[in-house]
Structure formats: C-alpha cells, structure tokens
Amino acid sequence: MKLLFTIVFTIGSVTFAVSQANQPCAVSLVERSYEALGGRSRIDTIRNLQFTGYGHRNLLEQSERPEGPFIAQNFTFRGIADLGNQLFLMDAKDQLFNTSLKFLVDKEAIAFTSHGRTAPWVREQVLQDEPELNPFAILKTALQSNSLICLPDSAIHGLSNRRIQFVWKEHIVRISFNPYTYLYTCIEVQKPYYDYYLNIWGDSRKVVLYTWWDLLGNGAHFPMQKDIYFNGQLWESTLIREMNINKPLSADSIRIPENIRTLCLSSKDVFLDRVEKMMSAKSEIAKDVWMIPGYCTATVIRQTDGLTLIEAPHSSGYTDKVVNMAKELYPGVPVKNIITTSDAWLHCGGIRTAALEAPVVALSRNKELLERILKAPYRTEPDRWELEKKKNPVVRYINGRTTLGTGANRVEIIPFNSEAGERMMMVYFPEHKLLYASDLYQPGNWQKHYTFEVIDAIEREKLDVEFVYAMHSPPVKLSEIKKSMEDLLK
C-alpha cells in the first residue's frame, strides 16, 4: 500500500530521562505552537467546543480484502468537548446501517446512550483519547509530563517537521509541527485499542493528521479536518462544518452516571464474562458436533483422533474461552486442529491463542494477514502468545478442498472462491449433510448476494446439504433458504 506519508515510530528501548538541554527545546516548541494557535490566554478561555460535521470510516476488516478497496461507512455527527472537566460526547448517525449511537467519555470511562438507557461500552476507545489529546488540550498534556523531549526533525508530506515526544499514561505520544506555522501536522500514539477489529493488533500505531485550519470567533485557530490512520491504513476521516465555543453547557448533561462509570472501568472483564455466559447455551447440532454461541459462533468437533475447532474468533481472550469450552466438553481429548475460515477479525482475531493450542488451518490468501497478527506487538497488555511465544507456529495454508479427520465426523474444507467469499472457506460435514458457511449466510438473507454465493458454491461443489449454519446463524434448512431467496426475487 502506498502511504500518503512516512513516519518512523520506534518504541524499542527509548530512554525517557529528559536532559537539561533537551527539555527547554521541547518546551520552546510547545510555547511557539501555543502562539500559533492564538495564544495561551485565548486557549485558556475556551471552556467547551460544540460542533457538527460529517465523515466516513473505512470498514477495514469488513471489506472483501485486507488491502481494500474498503466499504465506506458514511455518517454525520454532533460533538461536545468540555475541556475543563475532560468530558466528551459524540452523537453519530450512520448512513450505511441507518443506526444512531451517542457515546460519552468521562476520563477513563466510555459509555453509550440509546433510547434513554446508558451502558458501558468496550468499543470506540479512540474517543477516549479526545479529552486530553484534542488540539486545544494536547499542549497542556505535554507540559504536564515530566518526560517531554525534542526529537530529530522528520519529513512529512515532503516537509521537514519539528517534533516533540512525551509519555502519557505509559504510552508514547509524538507531535509534529509545521516548521513555518508551528501548527500541528500530526499526532502519533501507540497503545492498545478495543474498537472493533483494532483489538487484534495489540499496541496499535495511531496517526492523526490535522488539516483545513480555520479561525474561530475568539481568534483561536482550529483544524476542521481530521484523518486517523491505524497501522498505516486510513481508518476514519471527519470534517467539522460548524464550530461554536463556550455556548451554555451543563456538564452533568454529558457526564456518565457514577454507577455506570464504575461498570465502565471494568468493561473488558464484563464483556468476556458476558461471552462466557452466552457460551453456556451451547448445543449439539449433530453427534459430537457442538455449536458454541456468542458474539461469534465457534464449533467443537469430536473426531477419532482428537478435537477440531472451527474459528479462532474475535481476540486472544475470546478464543481462550472457546478452547476452554472444548476441553470441558471432552476432558483429556487433545485439540488437533483449529480452522479459521475468513480474514475477518471475528473469525481469526484469536489466532495467537489458537497457534498455542494446535496447528491452525487457513486459506493461503490470508497468510500475510495472519502472520501480521502473530507478529503484532502486545507489550502493554501481553496475551498468552506474547508471554509463551512459539518460534515456529504451525499454520497449514491450503488452496483447495481438504479433508480433516476420518469417520462420521470428518470434515471437508472448501474455499468459496466467490466474489464476497474470496477469502472465506466453508466446512462440509458429509455424513451429517451439514455445511458451515463462514460469514456468507446471515439471518433473513441480510445480504442476498451472500446467500446466492452459498447456494452457488454448494451446487458447484456438488455437496449433499440439508442444513446450513454460519458465524451468525444457527442451522437452517437449505430448502428454506432457497425458498426464501425465491420469494425475495419475486
């Protein structure tokens, strides 16, 4: 992928001790940037920002391939930043799925409100950076750090930028300044994020580019466009169309209730606890074939020589629970294979856990992606793979129809080789006339073309199928699926 910019972001063994010569250099850059923004006196009088705009998010892992083109999720938004209380609200309306969600950030806590209900939210952690790293707050955050230093200049967009670095909540933050204006070119931070598929990358590198600067009513300057890159890929672009400062605002109107805030601070554990409860509703859909429900359906298959699992779902912690469930169902029986059927994070995000347990079977087209996940840095919050890392994980990459196991529960893994299913595989149980369709069948024929590809692949491969199930669907009679498609096409 050709990047719009090149930024070297090296963590390694950075020495955070600030030399007497280096800190004044960094403080001087901060002071010059304050002046460029309009002066500290103007910035300090800004109590809140209230704004509206629009943007789009690239659905990096939901698209047909990891390198794009990407599905664009357009949205409009309303935002409020209470700078003094470090509160942030983002109210967004998505135009792809026609949904609305309001997110609240209260320092370390994130929650959402919908239909008058407020609840903890483990995702949208990108918003968690806003109270202290937004354009009007970040210079103050930098000055409060005792690790503020200057870095060598670095070229961004062909222009040599001045740079500073500091440590914020144990994470390295870097600011690059235009050498002529001393306004921000970009802000970099490397830390874990749990926003959707970002959780699989451990310490993700986030780069925020600021452009289209405007002059606000009190004489301060503010960037109206923000482009966020994660690990070198454009994730989200937003543009503010209207900005107001210091309009009347009650902090309590955007504050997370204290009881919800307490739950928010343990939301990661709450999420995995909820997953474990969902898994308890497991069901045996054929003899010794168990469907493990949850946000991501997994399958445990008892074969003559051990267990085969379908999917390494969501994340290391989630897949840990799938593996534990398999061992509870069949104590002492070894896990022989773990199949991951897609490049989407819900199917392969737990490959690090899977690779510790057994050989992984995957589509060869997904090799580059899976190896990137295995090599991802998990320094801040090490998973089991980071702590017990194998030098040579066994991943069997296949291109065509492949049989695993023998007897009644043998399975055949078959690449879809279709448009939407270019990087997906189905798993066929010949003796049970059962097909696992990865992510290509959704309840209610949510995407008719997906369903068409499933039916077409079954006919192409001459499979004798009675029931189809998938990541988000329990077993459904193939005859009913075909009838539903016929009714839709009428």
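User: Why does Cys150 count as buried?

Analyst: Buried means under 20% relative accessible area, exposed means over 50%, and partly exposed lies in between (1.4 Å probe, protein chains only). Cys150 has 10% relative accessibility, so Cys150 counts as buried. This is a predicted model, in which local features need pLDDT of at least 70, side-chain atom pairs count only at pLDDT 80 or more, and totals for chains, interfaces and linings use all residues. Residues are numbered from 1 along each chain as its sequence is written, and side-chain values use heavy atoms, with hydrogens and water left out.

User: What makes Cys25 partly exposed?

Analyst: Cys25 has a relative accessibility of 28%, and therefore counts as partly exposed.

User: How do you know that a disulfide joins Cys25 to Cys150?

Analyst: A disulfide is a pair of cysteine sulfur atoms within 2.5 Å. The S to S distance of Cys25 and Cys150 is 1.9 Å, and the structure holds one disulfide. The link of Cys25 and Cys150 is left-handed, with -95° about the S-S bond.

User: Which parts does the pair of Cys25 and Cys150 tie together?

Analyst: Cys25 belongs to helix 1 (residues 22–37) and Cys150 to strand 7 (residues 149–156), so the pair connects parts 125 residues apart in sequence. Helices (H or I, at least four residues) and strands (E, at least two) are DSSP runs, numbered from the N terminus.

User: What is the case for Cys348?

Analyst: The closest cysteine sulfur to that of Cys348 is in Cys296, at 11 Å, too far for a bond. Cys348 is buried, with a relative accessible area of 0%.

User: Why is the pair of Tyr184 and Trp213 called tilted?

Analyst: Rings of Phe, Tyr and Trp (its six-membered ring) pair if their centres lie within 6.5 Å; planes under 30 degrees apart count as stacked, over 60 as edge-to-face and the rest as tilted. The ring centres of Tyr184 and Trp213 are 6.1 Å apart and the planes stand at 50°, so the pair is tilted. Ring pairs link Tyr184 and Trp213 with Phe177 and Tyr210 into a cluster.

User: What places Arg352 over the face of Tyr378?

Analyst: A charge sits over a ring if NZ of Lys or CZ of Arg is within 6 Å of the ring centre and within 35 degrees of the ring normal. Arg352 lies over the face of Tyr378, at 3.7 Å from the ring centre.
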